Every structure is written in structure tokens, then in C-alpha cells.
Amino acid sequence: MTYVIHGATGAQGAPVVSALAAAGKPVTAITRNEHAVVNGARVVAAAYSSATDLTDAYRGAAGVFVHLPVTSEADRQIFADNILTAVREARPARVVFSTSGLPTDPAIGGAAATLAAGLADSGVSHAVIAPELYLENLLMPYVIDSVRERGVLPYAIRADFPVSWASHLDIADVAVALFERTDVTGVVAVGQYPAVTGPDLAEAFGAALGRDVVFEPITPEEMRVSIAPLIGEGAAADVAGAYQAMSTMPGRSIAPEASAQKLLGVTPRTTSQWLADVGL
């Protein structure tokens, strides 16, 4: 029985493939390109837009790792429905869903909430990985170039806004643990605890680079302009809207009682550890 990994050539899926392959597990990499080469995995071309493709890929699987891609919310809703159709039909042994920081509260709604609720009703063993914000966001050109060239770390949060940041590498560690620990179900929060602020991030970057780095809050609109060339106007507008909504919150800290640290004994990287892992 194989482990089916979505986004196997992307930021979230690739570390999961690597971690499973390193553990000697059979891996099936789901990609849109049938000619893609993924080290340590068999490649299967399947699209989120096809419930039939997904059903075929999931059938007989020991586990499925899934997350919703950065695209319009309307498309994500279609993809969530197709994933649920495939899970109900194929009945894989286990599903691990990373929310990518999207809300899963039914009162808020959205595709991630649809997928989380559908998995809970499917009767299939599952767990939901719930990160807050990704450290890899800080490697986007408008951030890391500014850090290197000006000694300024710009990001669309307040300086006093604490966040339980997590890495895609942490998500992979937790996903692999959840495939083994089928007794752990429901939502598992992933991120640093206690949460850290923008100036804390800047201090870690400064230590890694051997120079002074300061944090600079920017507006969600400034963020939108910076990321639109990379992810598209529609997706950038959605991201900016999420950060605008976030600006009214006191912070984004995980709840320790539902954390990977408590439930799985998996401690996410500190910012300094992550910077070392990514070679900064």
C-alpha cells in the first residue's frame, strides 16, 4: 500500500515525499505533469478538477496527504468537493489534510471548512494539520531581497502581532507522524509556541546573516502588489483580504493543548533552526 501525496513537486508536498521516502515508505506523487520526475516516488498524473482521477489515485492507498492550492476560492471549493467524492468512493486507509492556514470554522465557511467537515463525516480515518503562517512566506522575493539589500524585513502584520510560525518541513514531520499515529484524529495545530513577533523574526534573520535587520510592517495592499506577479492577481487579492481581516485580530497563536508538541511529541523548528535548514 502506497502513500499518495498531492503537490509532490511543490512547497508542501515535496518535503512529505522526501520524509516518507527516507523512512522507506512507498510513495505515489500526484502531479499535473505525467512526465515529472520525483525522487523516491512513483508519479501519477491526476487533477484536483477530476473526481475520477482522484478516486483512481486514492484507491488502495495507505494514506493520502492533501492540501488546497493557491487559487481562487471558487476553484478551491470545486477541488474540495472532488477530494471528498474520491475519499468516500476509494476509502483510503488514512487522510491527512493540511489547511495551509485557511479557516476550518463552519461559521466562517470556505473550501477548507468544507473539506475538514466532509472528512469528519466520511468515516475514513483522518487528521487535519492546522498551521498559522508559513516561514517560507519570508523567502518571497519582496521580503528576502529587502532583508539582504536594506536590512529590513517587510511583512503585512503589526510589529506586536504574535504568530506561531511553522515551516513546510514541520508540516512534513507532522504528516509522517500522523500516518503512523492513527489514534490521533481531528485538528493538530502546528507552529512555534510561544508565538513570536515580527521583530523576533528580524532578530533571527540578523543573527543568521550577521547583520542588523529590523522589522517593517506593510499594508495588505502593499503585499498584494508585491505578490501578484508571482501568484496572479486573483490569488493575490484573496491573500491581501485575509491579511486585512487578520489586522483586527490580537495574534495567531496555536492552542498548546491541540499542538503537535503535545499530541505527537513533534516540536516545530524555531526561526533560527529553520533558517539553518534552508541555508541562510
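Begin by selecting Ser167, which is buried, with a relative accessible area of 0%; buried denotes under 20% relative accessible area, exposed over 50% and partly exposed the range in between, using a 1.4 Å probe and protein chains only. The structure on display is a predicted model, in which local features need pLDDT of at least 70 and side-chain atom pairs count only at pLDDT 80 or more, while totals for chains, interfaces and linings use all residues. Residues are numbered from 1 along each chain as its sequence is written, and side-chain values use heavy atoms, with hydrogens and water left out.

Ser167 sits in the loop between β7 (152–155) and α6 (168–180). Helices (H or I, at least four residues) and strands (E, at least two) are DSSP runs, numbered from the N terminus. Display the neighbours of Ser167 next: Tyr134, Leu135, Glu136 and Trp274 are touched by this residue, not counting residues up to four places away in sequence. Contact here means heavy atoms within 4.5 Å. The side chain of Ser167 also reaches the backbone nitrogen of Leu169 at 2.9 Å.

Just after α5, select Gly151, whose phi is positive at about 70 degrees.

The largest nonpolar core is the next selection, with 31 residues; Leu138, Leu153, Tyr155, Ile157, Trp165 and Phe205 have the most contacts inside it. Such a core is a set of buried Ala, Val, Leu, Ile, Met, Phe, Trp, Tyr and Cys residues joined through side-chain atoms within 4.5 Å. Two or more residues come from each of α5, β7, α7, α8, α9 (233–246) and α11 (271–277). Centre the view on Leu153, which touches residues including Leu138, Val143, Val147, Leu201 and Phe205. A second, separate core has 30 residues, among them Val16, Phe179, Val188 and Val190.

Then show the strands. Seven of them form an open sheet in the order β3-β2-β1-β4-β5-β6-β8, with parallel pairing; two strands pair if DSSP finds at least two bridges between them. The edge strands, each pairing on one side only, are β3 (42–45) and β8 (186–190). From one strand to the next, the twist averages 20 degrees.

Select Ala127, found in strand β6 (residues 126–131). Ala127 is buried, with a relative accessible area of 0%. Its contacts, not counting residues up to four places away in sequence, are Arg94, Val95, Val96, Phe97, Leu178, Val184, Thr185 and Gly186. Ala127 and Gly186 are 59 residues apart in sequence, yet 4.8 Å apart in space, C-alpha to C-alpha.

Helix α4 (residues 111–122) lies across β5 (95–98) and β6, running at about 160 degrees to β5. Axes are lines fitted to C-alpha atoms, for helices over the stretch in contact, and angles run from 0 to 180 degrees between N-to-C directions.

Finish at Thr71, in the loop between β4 (63–67) and α3 (73–90). The Thr71 side chain makes a polar contact with the side chain of Asp75 (3.4 Å). A polar contact is a pair of N or O atoms within 3.5 Å; within protein, one must be able to donate a hydrogen and the other to accept it, and residues adjacent in sequence count only if both atoms are side-chain atoms. Thr71 also touches Arg76, Phe79 and Asp238, not counting residues up to four places away in sequence.
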